[in-house]
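Welcome! Here is a friendly walk through a structure that may be new to you. Please keep the sequence and the model open while you read.

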Amino acid sequence: MYYLITLVVYGAVDVIACLGLSLQFGIGGVTNFGYIIFQAAGAYAAAILSLPPDSANGGFQRYIGGFNLPFPLPWVGAAAAGAVIALPFTFLVGRRLRGDFAAIGLLVTAVLLNLLVMNFVPLFNGDAGLAIVPAPLQSQVMTDTSVSYQWEFAIGVVVLAAAVFWFIRHITESPYGRTLRAMRDNDKVADSLGKNLLSLRTGILVVGGAVAGLSGGILVTFVSVWSPAGWTYAETIVLFAAVIIGGRGNHAGAVLGAVLVPVGFEESTRLITDANPSLPPNLLPSLQWVAIGLLIAVFLWFRPAGILPERRRLIALPARPAAPVQARDRPEAVPEAVPDGTPAGPPVTVPSGPAGAAGAAGAQPGDIVLQATGVSREFGGVHAVSGVTLSVTRGTLTGLIGPNGAGKSTLLALLAGTQRVSAGTIRYQGQDVTNVPAFRRARLGLVRTFQLASEFKRLTVLENLLSAAPGNRGAGFFGAVAGRRYWRQDEAAAIAKAGDILHRFGLESLANSYAGDLSGGQRRLVEIMRALMTDPRMLLLDEPMAGVHPELAQRIGDLLVGLCRDGMTILMVEHELAIMDEFCNPVIVMAEGSVLAQGTMAQLRDRAEVVEAYLVG
Ligand code: ADP
Ligand code: MG
């Protein structure tokens, strides 16, 4: 009987721990190999909060505090400790460090802390850990070892696990959760769309840390001992195995994994040991590690999404009036291409000069929107961009052309803030943004796309668009906690706006498809639509038509021209001269990191050095 109770409590503790990891790793994409630290910290906090001062039991063990606090304060303290301990780690997973480095950093920290705890007796009683940690309400319940008390404990913990599940799900199924999943799928892109990676990662590190701490607190008050040997980094691997096998990005999967992996392994070990008492005592625990490693490998190979894969989140678009679509309802819709490739729709006029397009309300056409002065960027010894000075005028579709390796993509990254300049200044709408991080530039309306496919793969097309919508009250942690009623209106507005954009691009039928399943051309469109969701003032597009069917390229070009006519400013990298001819004016030519020339395509064709650089390069 007692064994069954122990199993239930362990199961619930593992479920809670796996839920925290499921949020961090499955939803937020943070590979926290130091997860066990937070559980151990919570456990230690619960122990010293519920124990009397260390002199009470004849001083046989040493620890700080000893606050003798009543239940449930030790558990609350455990969660708080897990959350507080998480804060210093945010510098590891923040904005700059790549995910794999962060994972190693956390792993190393976990090992170091374990060594510290094992060897620093005054604080943690060293290797021996802490013993006789009081159980919750032990003093109030006379028969503390009675079966009914144990059952109550077990049921209480299961209820708590259910509450944690509800809470984690609650914040995951919100605009905030969607933002986390976008960051998981491609953090650089999320950054370029105005998402503050540092604050997003801090949020899930702290929430996951609190959940881990709580699970540790529960465990330590149940088993009544806290031993550093029980919190080695290897335990983290068990939890990762549970989340991967159960299903990344699906909290129900994490629950299933928590029951299958840690509990299942304990169970099977016990059964085998009981049946074969002559086995060497260390054999099975060692084999366990082999088995867990193999299981992870097998799952990653054959069923990477886990037993319960992440669900696709279907969102209904608001119904549109069924009236026949008139030409003016879809001004940017695909003009039917006639065989020679010219659009059959209304003729598209390329702006005749920098001032040729109409400006947005309040802004004068002809203003300089973006200005780079002496901008350089080196990688080691490579001068990818050196001393570029250029300006982009409002309402133009400015082309940026040059041979491969000319530095076009790097320049775009510098202008958008994805990379920092080595020298030079960048001004956007009169403001010096040289040191403004990418997500803030995006919030100012300066939004880029990427040369390589950069859709959020495991978000639907509609979710890709929604994730970029600015100003959704549910997109922050506290908004998500406040619940659907708090953000429903913003969400509905974003869905309506996304519906309009999808309609304009004729892609409504793909709204609920995974973006990762689309064709290359469709994915380019998703990226452009997603950028438009941010209400940009200026777009920086990196080869939006590369690898796209010519008909679709034509359609994208017409769309961009239409946007500029409505006051948008676009700087577009492209290396097809034909596309520049058709859509862009002026055109800037880059070669070997520098600007070679600028002008209309006709002017550029007359300049020998341009033709030479382009054709030879
Ligand atoms: P383009 O987009 O015009 O083809 P890029 O901007 O991608 O050119 O690259 C310009 C030069 O900078 C190339 O020589 C490239 O190898 C180098 N480069 C670009 N990014 C990096 C990087 N992250 N590290 C090192 N070298 C880079
Ligand atoms: Mg490039």
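## Rings and charges

Arg448 lies over the face of Phe450, 3.8 Å from the ring centre. A second case is Arg473, placed over the face of Tyr486. Here, a charge sits over a ring if NZ of Lys or CZ of Arg is within 6 Å of the ring centre and within 35 degrees of the ring normal.

| Charged residue | Ring | Distance to ring centre |
|---|---|---|
| Arg448 | Phe450 | 3.8 Å |
| Arg473 | Tyr486 | 3.9 Å |

A word on the source: this is a predicted model, where local features need pLDDT of at least 70 and side-chain atom pairs count only at pLDDT 80 or more, while totals for chains, interfaces and linings use all residues. Residues are numbered from 1 along each chain as its sequence is written, chains are lettered from A and ligands numbered from 1 in the order in which they are written, and side-chain values use heavy atoms, leaving out hydrogens and water.

## Aromatic pairs

Searching the whole structure gives nine aromatic pairs (ring centres of Phe, Tyr and Trp, the last by its six-membered ring, within 6.5 Å; planes under 30 degrees apart are stacked, over 60 edge-to-face, the rest tilted). Tyr176 and Phe477 make an edge-to-face pair, with 5.8 Å between centres and 70 degrees between planes. Because Tyr176 belongs to helix α8 (residues 175-185) and Phe477 to helix α17 (residues 477-482), this pair ties together parts 301 residues apart in sequence. Helices are DSSP runs of H or I with at least four residues, strands are runs of E with at least two, and both are numbered from the N terminus. Tyr176 is buried at 3% relative accessibility, whereas Phe477 is partly exposed at 22% (buried is under 20% relative accessible area, exposed over 50%, partly exposed in between, with a 1.4 Å probe and protein chains only). One aromatic cluster is formed by Phe71, Trp75, Tyr149, Phe153 and Phe222.

## The nonpolar cores

Which residues touch the most other members of the largest nonpolar core? Among its 140 residues, they are Leu397, Phe505, Met529, Leu560, Ile570 and Met572. Such a core joins buried Ala, Val, Leu, Ile, Met, Phe, Trp, Tyr and Cys residues through side-chain atoms within 4.5 Å. Helix α1 (residues 2-27) gives the most to this core, with 13 residues. Apart from this core lies another of 26 residues, including Leu370, Val385, Leu415 and Ile588.
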